[in-house]
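Here is a short briefing to read alongside the model. Please have the viewer open as you go through the points.

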Amino acid sequence: MVVEYFNEFDVERIPRRYIRNIENPFEKYNDSTFLKRYRFPKLIVIDQLLNLLGINYANNRGLPIPPILQLLTTLRFYATANFQTICGDLRGIDQSTVSRIIKRVSHEIASRFRDHVKFPQTEAEWTVIRQQFFEIAGIPGVGGCIDCTHIRIQNPGGINGEVFRNRYACKPYIFTPLLNPVTNAEKNYNKAHIKTRNIVERVFGVWKRKFPCLRRGLANSPNTIVSIIVACAVLYNISLKLRLPEFAVEDETVEEVNHFVNDENREIIGAAARRAYIIRHFT
């Protein structure tokens with residue numbers, strides 16, 4: 001069935017130089033190899049992911065490559081972040097074409113963000129979330145965990161270069177851990193904070209193992225990088241919904257390094273709100 005689906009694409013409209021070099025990945029790779037290369041099983045790619053694109057070409061202009069191959073090209077990039085590897089896989093399709101495919105497909109998938117990445121919508125849903133977080137380490141009123149993870153990019157430079165530096169600060173609605181806890185209440189707060197936010201730290205690790213491009217770094221344009229990151233979030237949530245297995249750590253992993261600048265000393269109101277919270281709940 002998979003092979004028949006792949007063959008349904010209108011190859012007569014594709015230039016002969018593309019047809020000569022295109023191989024059918026569904027035939028070429030067994031299930032385990034396909035999963036490792038493209039991060040999703042064959043039938044999920046066809047039945048679920050292809051529908052995210054909405055790409056339908058009626059002529060040879062632009063990117064005369066079947067949507068299924070564009071999708072697989074992009075998934076392969078998410079798994080490697082290496083243009084040379086992808087061009088070697090496709091044989092005959094140059095890097096500029098691959099780059100345009102990744103940009104277009106990433107944008108299409110990222111545009112489905114609101115369908116797959118959602119906050120609770122009702123007070124009843126928020127109540128359940130707050131209770132589940134409270135049960136982790138006894139911190140009341142928590143509706144979610146926010147953490148930072150470093151995704152290396154090429155510094156765009158110019159007047160906007162500093163915008164891309166990782167920073168976080170304590171706000172009245174976002175409490176960071178204390179840098180130097182002194183009292184028992186402060187130490188208890190930090191312990192509970194660390195235990196509670198562990199869930200989001202673990203998610204980042206699983207997310208980057210599934211899509212190693214986020215770990216190895218991206219050299220695309222800033223706008224395309226945003227689309228890639230959001231697209232990987234969409235695909236990760238689809239993977240969770242389908243209960244697909246996690247990926248083990250590979251030999252070629254890059255050590256996670258956090259380059260964060262803590263600006264909490266500049267946030268007087270946030271620090272005061274956190275101090276009152278600690279006194280109220282941890283003394």
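A salt bridge here is a side-chain nitrogen of Lys or Arg within 4 Å of a carboxyl oxygen of Asp or Glu. With that cut-off, the side chains of K42 and D31 form a salt bridge, at 3.6 Å from N to O. This is a predicted model, in which local features need pLDDT of at least 70 and side-chain atom pairs count only at pLDDT 80 or more, while totals for chains, interfaces and linings use all residues. Residues are numbered from 1 along each chain as its sequence is written, and side-chain values use heavy atoms, with hydrogens and water left out.

**Salt bridges**

- Searching the whole structure gives five salt bridges.
- K42 belongs to helix α5 (residues 42–49) and D31 to helix α4, so to speak a link between distant parts of the chain, 11 residues apart; helices are DSSP runs of H or I with at least four residues, strands are runs of E with at least two, and both are numbered from the N terminus.
- K42 is buried at 14% relative accessibility, whereas D31 is exposed at 58%; buried means under 20% relative accessible area, exposed means over 50%, and partly exposed lies in between (1.4 Å probe, protein chains only).
- R130 pairs with E123 in a salt bridge whose closest N and O atoms are 2.4 Å apart. R130 is partly exposed, with a relative accessible area of 27%, and E123 is exposed at 52%.
- R197 and E201 form another salt bridge, with 3.0 Å between the closest N and O atoms. They lie four residues apart in helix α11 (residues 184–210), and are therefore separated by about one helical turn.
- Of this pair, R197 counts as buried at 19% relative accessibility, and E201 as partly exposed at 31%.

**Packing of α4 and α6**

- Two packed helices are described by the angle between their axes and the distance between the axes.
- For helix α4 (residues 31–38) and helix α6 (residues 67–80), the angle is about 75 degrees and the axes are 7 Å apart. Axes are lines fitted to C-alpha atoms, for helices over the stretch in contact, and angles run from 0 to 180 degrees between N-to-C directions.
- The two helices are therefore roughly perpendicular, a term for angles of 65 to 115 degrees.
- F34, K36, R37 and Y38 of α4 meet L72, L75, R76 and A79 of α6, where contact means heavy atoms within 4.5 Å.
- What is R76 in contact with, leaving aside its neighbours within four places in sequence? The partners are R37, Y38, T85, I86 and D89. R76 itself is buried, at 13% relative accessibility.

**Helix α13**

- Helix α13 (residues 222–241) has 20 residues and should span 28 Å at 1.5 Å a residue; its end C-alpha atoms are 29 Å apart, which agrees. The expected span is 1.5 Å times one less than the number of residues.
- Buried residues of α13 include T224, I228, C232, L235 and I238.
- The buried residues of α13 pack against α5, α6, α8 (95–110), α9 (113–116), α11 and α12 (213–216).

Note on methods. Angles under 35 degrees count as roughly parallel, over 145 as roughly antiparallel, 65 to 115 as roughly perpendicular and the rest as oblique.
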